[in-house]
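Work through the following exercises with the sequence and the coordinates at hand, and compare each step with the solution given.

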Amino acid sequence: MKLWGGRFEKSTDFLVNDFNSSIRFDKRMYKQDIKGSIAHAKMLGKCEIIPMEDSELIVKTLGEILEDIENGKVDFLIDAEDIHMNIETILTQRIGEAGKRLHTGRSRNDQVALDIRMYLRDEVNEILQMIKSLCEVLLNLAKENTDTIMPGYTHLQKAQPITLAHHLCAYLEMFKRDTLRLKDCYKRINIMPLGSGALAGTTYPLDREFVAKELGFDSVTLNSLDGVSDRDFVIELSADLSIIMMHLSRFCEELILWNTNEFSFVEMDDSCSTGSSIMPQKKNPDVAELIRGKSGRVYGDLMSILTTMKGIPLAYNKDMQEDKECIFDAVDTIKLCIPVFTKMIDTLTFNKEKMEKGAGGGFTNATDAADYLVRKGIPFREAHEIIGKMVLYATKNNKSLDEFTMNEFKACSDKIEEDIYEAINLNTCVNNRKVIGGPSKTAVEDTIKKSEKFILENF
């Protein structure tokens, strides 16, 4: 007999029952559901809405049910539909009439809204710790590579020399923003909807603030319609996770390129690579490729929940059951990707000589040559044209700028002196860029210190 079956004369069709059930995926919220019910039962007893002895018995038995579930002694029933009805059914089987009083003053609508918020705030905290570990690995690698020169790119064409530390710190900034987004999203997750009822609250004198404090919420929702129908926090978290996956995917794309024979900037550790079933020489960057591929999966989860919610009128509708599989999948995928990505990064071997050699090609010091002429009194646009012609000449003669003779330099501009060679040296090009956020050693070391402070303050 369904707990809501009083109005019905026929039992639910087997196919409909199976279709309607969500226990297959929402059973993961058992801990949050029980904790929420314990707080609700305590409040019902405190407010004298149910007898205190029933409240205490419910709290005690729910604790026992939680322990039994975690010890594998409970089998959930599809016929009980969802985690909420499963827990209540077990409770009623164990203590009878007292168990039936638990649902006083609440609906499954506000109950599920409570559970998903509690579940997601726990997951956000776990993900934040994973991002912290990733940031710490990036920081350590950056500290080790403030002198490792490599080419910086635009349009995937060599542009200007930078350092590997500077490049790593660019991704560190992305993950710092991800951290702030998740922490900000947490604020909107951590608002308690219990007490909203099905949509119009309840006539019982509930103490919502008491329950919120018991469960660690910052505040309570202020509109019962919105309390049960709001899934903005699910969408927001899904968007935040999509951005994290985008950042991981961009980094993976670069590592895949750098791992090619054509670049040879990095070598993946054996522990994070796979081979080919037919080509014995292969060492494939499968971890990076899979993470890059899984970004599309998380994007799909975001699009799914957005599409589900776009046409739903107030208040609760069964469509909203679809929110859980989307966000659970996004969370699971992120939690799978970040640790393995962190290990892959931490075990990389960087070919520093190859990186510096790469920075020496492609005229990455051309901008510095133009800046040199500006310091000699030539307007930048004129200097730009002079160096452009110099690069054209060098290309036709298969040489780099630092291989020019002084006569060749003088043929381009009589302003050029012997100090041009120092000005276009790669180390000079990098370390003269001391502006905040630049690639010089002093600027990057300052960035690293600020990032260390960020980690201390935000985790």
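A residue is called buried under 20% relative accessible area, exposed over 50% and partly exposed in between, with a 1.4 Å probe and protein chains only. The model is predicted, so that local features need pLDDT of at least 70 and side-chain atom pairs count only at pLDDT 80 or more, while totals for chains, interfaces and linings use all residues. Residues are numbered from 1 along each chain as its sequence is written, and side-chain values use heavy atoms, with hydrogens and water left out.

**Exercise 1.** Describe the aromatic pair of Phe263 and Phe265, and then its surroundings.

*Solution.* Rings of Phe, Tyr and Trp (its six-membered ring) pair if their centres lie within 6.5 Å, and planes under 30 degrees apart count as stacked, over 60 as edge-to-face and the rest as tilted. The whole structure holds nine aromatic pairs. Phe263 and Phe265 make an edge-to-face pair, with 5.4 Å from centre to centre and 85 degrees between the planes. Phe265 counts as buried because its relative accessibility is 4%. Finally, Phe263 and Phe265 belong to one aromatic cluster together with Tyr153 and Trp258.

**Exercise 2.** Find which ring lies under the charged end of Lys46, and which under Lys176.

*Solution.* A charge sits over a ring if NZ of Lys or CZ of Arg is within 6 Å of the ring centre and within 35 degrees of the ring normal. For Lys46 the ring is that of Phe210, 5.2 Å from its centre, and for Lys176 it is that of Phe454, at 5.3 Å from the ring centre.
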